[in-house]
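Colleague: I would like to learn how to read the packing and strand pairing of a new model. Could you take me through it feature by feature?

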Amino acid sequence: MSQSILMVTIFMIFINHSSSTFHGSSGVEQLDTVVEEAEDHLAYPSTSDWIEELKDGMEDDQWQLVQKKGNQFVVNDQPFYVNGFNTYWLMVFAADKSTRGKVTDTFKQASSVGLTVCRTWAFNDGQWRALQKSPSVYDEEVFKGLDFVISEARKYKIRLILSLTNNWDAYGGKSQYVKWGKAAGLNLTSDDDFFTHPTLKSYYKAHVKTVLNRVNTLTNITYKDDPTVFAWELMNEPRCTSDPSGDKLQDWIQEMAVYFKSLDPKHLVEIGLEGFYGPSAPGRVQFNPNTYAQQVGTDFIRNHRVLGVDFASVHIYADSWISQSISDLHLQFTKSWMEAHIEDAEKYLGMPVVFSEFGVSSKDPGYNSSFRDTLLSTVYKTILNSTKKGGSGGGSLLWQLFPEGTDYMDDGYAIILSKSTSTSNIIALHSTRLALFNSRCSWKSHWGCRKKNPLETFPLYSDDL
């Protein structure tokens with residue numbers, strides 16, 4: 001189906017409703033009604049077909065680096081909204097020819113519902129099928145796996161947020177760096193020494209330098225020059241519980257953010273934080289999910305004021321932080337948590353905020369798929385409420401997307417689109433709305449778009465046609 005058919009369908013719905021339905025409603029409400037009714041007329045598959053055509057029409061010269069302009073992401077000076085997912089294991093699967101096809105399946109399925117950004121690991125430290133077997137010693141076959149992930153993402157018009165290490169033990173992380181340090185004879189007493197010991201920091205910097213300067217064996221493009229990379233992430237969910245003041249982690253963030261920029265001043269950099277408020281913002285700790293959250297050494301506002309950090313990251317796990325049993329409190333927390341961080345990103349940081357992990361586990365007591373759908377809708381609606389005003393809500397990344405045949409790795413949060421029709425529909429609908437926003441300039445001749453920032457009120461009245 002062509003984009004023009006969708007436009008004509010929406011045009012006819014406008015005409016039918018122009019006398020009364022849309023007047024007095026917000027831009028997002030208008031757009032919601034239009035898209036939903038267009039889908040009723042054209043059926044669900046048309047949504048993904050149109051998204052696919054829109055992306056297929058993207059010329060190579062449009063595949064430019066994502067940049068930041070104030071509190072918005074832009075590509076070629078046009079707004080870009082993060083609409084994506086996490087699949088952390090892509091590199092490890094790509095390193096083995098017997099499982100490499102699952103990487104392609106993941107990108108293909110994500111693309112079919114309009115997802116355009118993937119967050120994944122660019123590390124595996126000293127573990128099974130390790131990328132970095134010991135400090136600065138790499139497995140070339142695993143690195144070629146990461147080459148494949150980046151090359152394949154480009155084929156499906158998906159950009160990547162690449163994380164460089166982990167706070168947790170999975171895939172090595174900071175505890176593996178400490179083990180390497182102890183093996184080298186260093187006197188280390190805590191995994192948090194990762195943030196302060198000069199030798200461990202040099203190990204990490206060497207890894208960062210190796211990854212950013214890697215020349216992809218499939219595309220011959222250096223990673224730091226590849227627009228397929230949306231952003232570099234310092235660390236997945238950094239915490240430094242040995243220093244609740246936050247000073248140790250703050251110093252590490254400052255040092256590493258500047259180091260990233262010294263190697264690659266073009267790409268965006270983010271920290272990888274969960275979003276907990278700390279000592280610098282006593283008036284905001286009320287939004288934390290529990291009292292422990294302000295004792296883990298992170299400080300959302302202070303951390304993101306660091307030179308070299310381009311946008312904020314926040315995670316949302318009400319079922320881990322509030323209570324495991326499913327309840328409406330999870331939805332209430334999700335909405336208030338998001339709104340607080342969007343407000344702070346606008347008021348104090350002047351940058352976009354991406355909700356880079358969110359989800360609910362099927363292992364939670366009281367879980368059902370309809371609750372998951374409601375959670376996704378809550379996150380997506382909160383994002384749209386920000387985008388319609390040109391706010392700091394930069395987008396979201398669900399945790400996590402799996403292709404068929406990988407159920408054995410499911411931590412409870414996996415979404416397999418082919419087995420989750422209602423969830424797939426919600427994701428595709430959100431993608432359609434964001435795609436309409438993103439392609440607004442091409443609509444000027446159709447809708448007479450007159451506003452400098454059409455997100456404030458999408459021009460859908462009959463007298464705007």
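Predicted model: local features only at pLDDT ≥ 70, side-chain atom pairs only at ≥ 80, totals over all residues.

Colleague: Which residues have the most contacts inside the largest nonpolar core?

Modeller: In soluble globular proteins, nonpolar side chains tend to be buried together. A nonpolar core here is a set of buried Ala, Val, Leu, Ile, Met, Phe, Trp, Tyr and Cys residues joined through side-chain atoms within 4.5 Å. Buried means under 20% relative accessible area, exposed over 50%, and partly exposed in between, with a 1.4 Å probe and protein chains only. The largest core has 103 residues, and those with the most contacts inside it are Phe 85, Phe 107, Tyr 204, Trp 232, Leu 234, Trp 252 and Phe 260. Its largest share, eight residues, comes from helix H9 (residues 247-263). Helices (H or I, at least four residues) and strands (E, at least two) are DSSP runs numbered from the N terminus. Another core, of 13 residues, lies apart from that one and includes Val 117, Ala 231, Phe 311 and Val 354.

Colleague: What does Trp 252 contact, leaving aside neighbours within four places in sequence?

Modeller: Contact means heavy atoms within 4.5 Å. On that basis Trp 252 meets Phe 194, Phe 195, Lys 201, Tyr 204, Leu 234 and Met 235.

Colleague: How many bridges join strand E11 to E12?

Modeller: Two strands pair if DSSP finds at least two bridges between them. Strand E11 (residues 312-316) and E12 run parallel and are joined by five bridges, with His 315 partnered by Glu 357 in E12. Four bridges join E12 to strand E13 (residues 393-399), again a parallel pairing, and Phe 358 has Leu 398 in E13 as its bridge partner. From E12 the chain passes through helix H13 (residues 369-387) to E13 in a right-handed β-α-β crossover: with the strands pointing away from the viewer, the path from the first strand over the helix to the second runs clockwise. As for cover, six of the six residues of E12 (residues 353-358) are buried.

Colleague: Is Arg 239 buried or exposed?

Modeller: Arg 239 counts as buried, because its relative accessibility is 14%. This arginine is found in the loop between strand E9 (229-233) and H9. Its side chain makes a polar contact of 2.9 Å with that of Glu 274; such a contact is a pair of N or O atoms within 3.5 Å, where within protein one must be able to donate a hydrogen and the other to accept it, and residues adjacent in sequence count only if both atoms are side-chain atoms.

Colleague: How many aromatic pairs does a search of the whole structure find?

Modeller: A pair of aromatic rings is described by the distance of the centres and the angle of the planes. Rings of Phe, Tyr and Trp (its six-membered ring) pair if their centres lie within 6.5 Å; planes under 30 degrees apart count as stacked, over 60 as edge-to-face and the rest as tilted. The search finds 31 pairs. Tyr 88 and Tyr 171 have centres 5.7 Å apart and planes at 80°, so they are edge-to-face. Phe 333 and Trp 337 are stacked, at 5.3 Å centre to centre and 25° between the planes.

Notes. Residues numbered from 1 in each chain as written. Heavy atoms only, no water.
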